[in-house]
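I opened this structure to look up a few features, one at a time. My notes follow.

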Amino acid sequence: MSRRLGPDCRRARRDLLRQDALDAVGRGWLELHLRRCDECSALAEGLARIEQGHELPPPISEESSLQIYDRLIPAVHEIAVDLAHPPRPWYTRRPVQWGFGLAAAAALLVAFAFLGAEPETTLPESRSPAVAVADRGAPTTHHGLIDRCEGVVVLDGTKIGAGDGKFEVRQGTAIDVDENARLAFRIGDAARVAVVGDTTWRISVATDTLIEMVLEKGRLAVEYDGTSGRALDVRTPDSLVRVRGTVFTIEVVPDEGTRVSVLEGKVEVVPRGAGSVVELDEGELVTMPGGEYGPIEDTQRALAAEVDALDDYLAYVGRLVRFDGSPERVKVEVDGRVLGSTPLVARLPEGPVNYRLTAPGMEPLEGTLADEREGDAIAFALAPAPDYQPSVALAPQEPQLGRAGKPAAAGKTSPGVRWDLFQRARAAITAGDIPYAAGLLERAIEGAEGERLVTGLSMLAECYAAMGRYREAANAFDRVAALVPGTEIAQNSRYEVARLSMDRLGDFGRARAAFTAYVASPLGGALKQEAYYSLCELDAREGAHRDALHCFNEFLRSYPGGRSAPNARLWRGALFQDVERRWAEAERDLLSFIQAKPRHPRAEEARYRVALGRYQTGDRRGALRALEEYLRKHPNGQYSVRAQRLRQAILDPDFSWEPDSK
Amino acid sequence: MTTNKKKGKSGRKKSRQDESMRVGVLENIGTGTRRKAKADPVAKIVERCQAGDPVAFRELFDRHVAGVHRHLSLLIGPSADVDDLVQLVFLNVYQSIGRFRGQSAFSTWLFRITINVARQEIRVRGRHRRLSTALTEVSMVRGTSVRQTPENRLATWEQVYDVLDQLTMKKRETFILYTYEGYSLEEIARLLGSSVSTIGSRLQSARKEILAILGEEGAKG
């Protein structure tokens, strides 16, 4: 169990991490503390020992070096012989010469017809004009192992459930990934593959020496171990990507072509038609068939992280479990890491893990998974968040008023007088004298009950809100919601409480409770979308940026064309920039917002952010265009000084400018 | 007790001064253009090696074997297999030197091959050790009655790596390259294809984690 540290120890541990930045006073204080505190001193000693490396490994001796070289020589000789007399290559590039090409094609067809070529090893995809196929060996089956599956993914015609996550990777194995789904899996020990969102993928060749994948549409990332002795090729509609050990991504972009990027290692991209072979080094991106080079963007890094993300946490040897239940798209966190949204199949590390399931408007579910085995399903049903508790105490139940003719209790308003007060209050509201109307209503609701009390309180709450007495307005709406639970009136009142708390009172806790109650209520309501949006906005305003980003992502999945969708895109764009530095995705969201709401007050911020994002990705010309537009539309805007400085920084490289997020 | 700051700094300075142990010519890391590479004497040896001159390969081997060995020893920790991995690195070099186009310094290219071999090794071997064996070992060590002070807990190279093994691969690489190899943040960023700020925060985070690991073990020991 962790013990709570004293303030001095906490400071000392912070200082230990930034010793180089400490001034003399800070160093003196730290030294003094380390003399007094054994525990911190031991930690400092340990850190120093690790930083010094204790005893660095001895340099290699001349004898070892000679031994390595001696062992190297036979293998080097073999490679040299292979290089001098290369074996028959997998592919032979031929220049496109139509006359010769047609003759060769005819000869090939005749040869195939006579020899009865094996269809299993030479698929139609492989017979592009530029690439002829040699013998690739007999078909074989590799072992596939699923690490994570989010959303609807179909493997060989069957929707993926948990199971043991094992499948056969052989010629014809096909995977279809839905729009909001993703799948990460391994092929033996040779490759890790992630296919993401609206993707169709299949294996066209699987032999001992070659795996060939076909990406018909969509996006994939691969980490491939070239030392396994197998070659890996990926075919897209317009290119062939040859891989010999690397981390790379491929995206088939409609109306654009194939975008290939290399994060590690090197690949070769062969265009399907005419055109030269492109060699792609680490950090490079090319779009085929045009062959335009460009820098890798965050989109590709994020895609590549799909195969890399497993490194940090998910284990090779863990068990595969399935999370599924109601409602849909519940956020799954395991040991504090977001794994994705349900339905989700994920490989968890060995040993007990803590999980947390959350969804807006629902009571979070937490627990520990210890005994689950491979293939188990974690079924759950999140309960709606507890019923909304009004933050004001209700007035004690008034005694039933007597029938007409009987005197009213002392201090209470008789029904006749109440009726009169209501009529006068309505007239005052119509005339615009809100304070007078509020006074009349305060008297009218004294002793009122039932429908009249609800109506009076609602009118009074509106009056308070109009007068700027927001807390009293929120309290009155709270009372209305509590008087008629389970009705549409209660729902609307909760929404008003939430909005007032969020926008006027800054009471985010009360706002969150009210919005959550609104979203969770089975009654639904016309403002459910707005309430959901507001919950996301609350996360953003409270500084829980990652939660906010996840929330806006989910919101836009649920309401992609909703009324609040443009605003959600603005928020998400800003969060992409500030939290994840995903400039390209941020720009898409920001431009979409500007297009939808060009005159919105925050369109100014969006325009500035577009320029900033382009500057950060090195697109200086684009940034300049965006800045000119910003300065033209908002010459005296709140970002105009920053925009001018950024413009100056672009035009004058010597100008010192510190980029900030806004 | 001398302050830990002094110890840490002097250790790092010593490591930084040990230039001869580094792989090749480090001043060209990641910045070497084709023209620069040709001016470099190593570039001529590489060209001869690409032409199939066996003597040139031997020269490359002699020049770089110590650095590769040191890199691997530091990256994967104490292991009897380092010699095998060195051999694997040079086999990869020989096999693919024809594709080396001189766009970066040879030392950078060699470093990337080295780090890829190290990563493969760590993935295959380290993962299992980290997930299963390490826990057992630590609990066995904790089970002893002797209080685990840094002096006895981190007395050997193996014990230091027991701590480093608990870091993620990226943090571990960054920490080792900065602390033991003496590279600057800019050099590491170029070598690992990342930004300086990312490397900086990764390093800080690695140190924080090390402190947390030591704290946890100290509390339990």
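I started at a strand pair: A:Asn354 has A:Thr368 in E24(A) as its bridge partner. This model is predicted, so I note the limits: local features need pLDDT of at least 70, side-chain atom pairs count only at pLDDT 80 or more, and totals for chains, interfaces and linings use all residues. Residues are numbered from 1 along each chain as its sequence is written, while chains are lettered from A and ligands numbered from 1 in the order in which they are written.

Next I looked up the strands themselves. Strand E23 (residues 353-358) of chain A pairs with E24(A) in the antiparallel sense, over five bridges. Two strands pair if DSSP finds at least two bridges between them. Helices (H or I, at least four residues) and strands (E, at least two) are DSSP runs, numbered from the N terminus.

Which order do the strands of the open sheet have? I read E21-E20-E23-E24 in chain A, four strands with antiparallel pairing. E21 (337-341) and E24 (365-369) of chain A stand at the edges; each has a single partner strand, so one side of each is left without a neighbour in the sheet. On average, neighbouring strands of this sheet are turned by 25° against each other, direction ignored.

Then I turned to two helices. The axes of H18 (residues 620-633) and H19 (residues 640-651) of chain A come within 10 Å and cross at roughly 150°. That makes H18(A) roughly antiparallel to H19(A), a term for angles over 145 degrees. Axes are lines fitted to C-alpha atoms, for helices over the stretch in contact, and angles run from 0 to 180 degrees between N-to-C directions.

I listed who meets whom. From H18(A), the residues include A:Leu624, A:Leu627 and A:Leu631. From H19(A), they include A:Ala643, A:Leu646 and A:Ile650. Contact here means C-beta atoms, placed from the backbone, within 7 Å.

I also checked A:Leu47, which lies in helix H3 (residues 38-52) of chain A. Is A:Leu47 buried or exposed? A:Leu47 is buried, with 24 other C-beta atoms within 10 Å; buried means 20 or more, exposed 12 or fewer, with C-beta atoms placed from the backbone. A:Leu17 is 30 residues from A:Leu47 in sequence, and 9.4 Å away in space, C-alpha to C-alpha.

Last, chain B. I found 11 helices and zero strands there. Of the 221 residues in chain B, 43% are buried.

Terms used
Angles under 35 degrees count as roughly parallel, over 145 as roughly antiparallel, 65 to 115 as roughly perpendicular and the rest as oblique. Two residues are in contact if their C-beta atoms, placed from the backbone, lie within 7 Å.
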